[in-house]
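Please open the model in the viewer and keep the selection panel at hand. The stops below follow one another.

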Amino acid sequence: MCGIVGYIGPYQASDFLVEGLRRLEYRGYDSSGVVTIDDGEFTVTKSTGRVDDLVEKLKAHPARGSIGLGHTRWATHGPATEVNAHPHIGGDNVVALVHNGVIENFRELKQQLAERGYYCKSATDTEVVAQLVASEIDARCTAPNGAASNAAFSAADRYSALVDAVQAALSQLRGTYGLAMVFRDWPDVIIVARLGSPLVIGVGDDEHFVASDGSPLVGHTDRIVYLADHELAVVTTHSIRVIHRDEGDVRHKVNRLDIDTTQVELGGFPHYMLKEIFEQPETVTAAIRGRLNRDEATAVFGGLNLTAQQLRSIDRVVLTACGTSWHSALVGEYMIESFARIPVEVEYASELRYRNPPMSPHTVLFAITQSGETIDTLAALREMKRKGHPTLAICNVVGSTIAREADGGIYLHAGPEVGVASTKAYTSQCVVMALLALYFGRMRDLSFDAGLRIIDELAALPKYVEESLECNNETRRIAAKYAACNNFLYLGRQFNFPTALEGALKLKEISYIHAEGYPAAEMKHGPIALVDKHTPSVFIVPQGGVYSKVIANMEEIKARGGPVIAVVDKDDSQAVELADEVIHIPTVPEFLQPIVAAIPLQLLAYHAATFRGCDVDKPRNLAKSVTVE
Ligand code: F6R
């Protein structure tokens, strides 16, 4: 939530800042702003709304200077107004600062600062940090006559006084932050700091970039430094100095960023969401690649980092996640319990972090997350780690906080997911769940033959995903017919109960149509009261153990005049007779149904949203990476 960019080097900063903000807009789009330093003065440009609005302002009044910061906001404290937009200025133009996170003690600090003559103009928690940094700089670096005194310090002292001031300010903050700041009297340095919110530094040739994640760096550099919690970095054109709160100066590691330009561009699609839906044959392939071992009839993972002894002694698996990732955890529960017979519990990360459920010492935690930055998932992982449980991440973003803090894990390799509604990451998460179920199963009761059969089925999955996409025109037609409805029900059972939840979430988040996902039989216990001729029910009803039961549930809806949209196997005969609309998916084993059935539901939501004129890639009130509690 909230995106940060920064540039220092020989070129005009605003070019990188604007381009970077566009790439980070998925993190928030309530307002945006940039600051550059030109001729010893800050130039601040802010706009409510999208980055496009900011660009228009910058066209009229260009922001010159070869050092600067940018920010795209997801509002937490204070509405989306220009005054609340970042950057915020501290003191008498002493510092300009952008922030991602939440400062919990901002009210106390605001009052203390006001008593010392530092007043905030905005309703944000961030401006308090700007004023605090300014007050610490004024206290340490100001000459007796009141002017900021560069002359009073040697070059080295000037920087150390500045770093001391920033550290003193940071030490008073409670909460989370990714911060980047520039200083009127130190126009050759950006200081960044992080605690709980991501920040990276891109290493160019005689230039440096700052960003909330690697995507703005693509096309500029493939060398990236991940800042850790409690680290602060002093970034100049030619150098990076990283200082840890407790350890002092630390060596920073320069990693390789493995994203190419095509992955962050639309490539002819009208929206990222549609592009990402159509990427699924490749992303599913990437999740499976190199992970099937036919000789042993099992899955292989490079990074679990658990001993064979630890793996064998696992007696309980806890899967924790939020949102769509939580739905993939539910799919995982069905898969792991049926292949490996290990008890699985699926926990909302936001609940698990504050609960203290009894857990055997041999409980292992998997945190499932596309971004690797979701604050609740991170906190749940830390809590379980603290209690001595092995923690593993199933994650898409390489080098993200959760990927780095977990004891080990499995990457999705789905490439950057830009659309705010998760699509390809979800199906890749389900694939990894299937691989894990196979892996644990083969360590326990699952026979060699059964393992081999699962491997064959997984190997054929990309072809089935490709086939599922053939329903695009049909889902478009159905979406056009029902897009004006205000309520939908999504119903499925067993493996497809999570599919129903995921279908409903996709529809509501991008089209703003109210939708509820339910286990199909459970609908009789309340939601059936919603059924009328304006409330379509989407049934996920491929062949399987509960097929005839779901058909019976469908009859119950039909008897009450509710329109039925059925997602069925290619060779279905009963559901097609009952349903008003039919979407065909390929016939696959039950454990793979949540993957192939998710695709028509993603497309249905996408088309419904476009018919309703919604901004598919940037739905209102949402942000892709939820880094605040
Ligand atoms: C919905 C969606 C969200 C995320 C959730 C967790 O389409 O994308 O519900 O799944 O915010 O995010 P990650 O997976 O990044 O932890």
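**Strands and a crossing helix**

Select Ala 566 first: Val 582 in β27 stands opposite Ala 566. This is a predicted model, in which local features need pLDDT of at least 70, side-chain atom pairs count only at pLDDT 80 or more, and totals for chains, interfaces and linings use all residues. Residues are numbered from 1 along each chain as its sequence is written, and side-chain values use heavy atoms, with hydrogens and water left out.

Next, display β26 (residues 564–569), which pairs with β27 in the parallel sense over five bridges. Strands are DSSP runs of E with at least two residues, helices are runs of H or I with at least four, and both are numbered from the N terminus; two strands pair if DSSP finds at least two bridges between them.

**Glu 276**

Now select Glu 276 in helix α6 (residues 272–278). Is Glu 276 buried or exposed? Glu 276 is buried, with a relative accessible area of 1% (buried is under 20%, exposed over 50%, partly exposed in between; 1.4 Å probe, protein chains only). Beyond its neighbours within four places in sequence, the contacts of Glu 276 (heavy atoms within 4.5 Å) include Pro 416, Val 418 and Lys 424.

**A charge over a ring**

Finally, select Arg 620, which lies over the face of Tyr 512 at 3.9 Å from the ring centre. The criterion is NZ of Lys or CZ of Arg within 6 Å of the ring centre and within 35 degrees of the ring normal.
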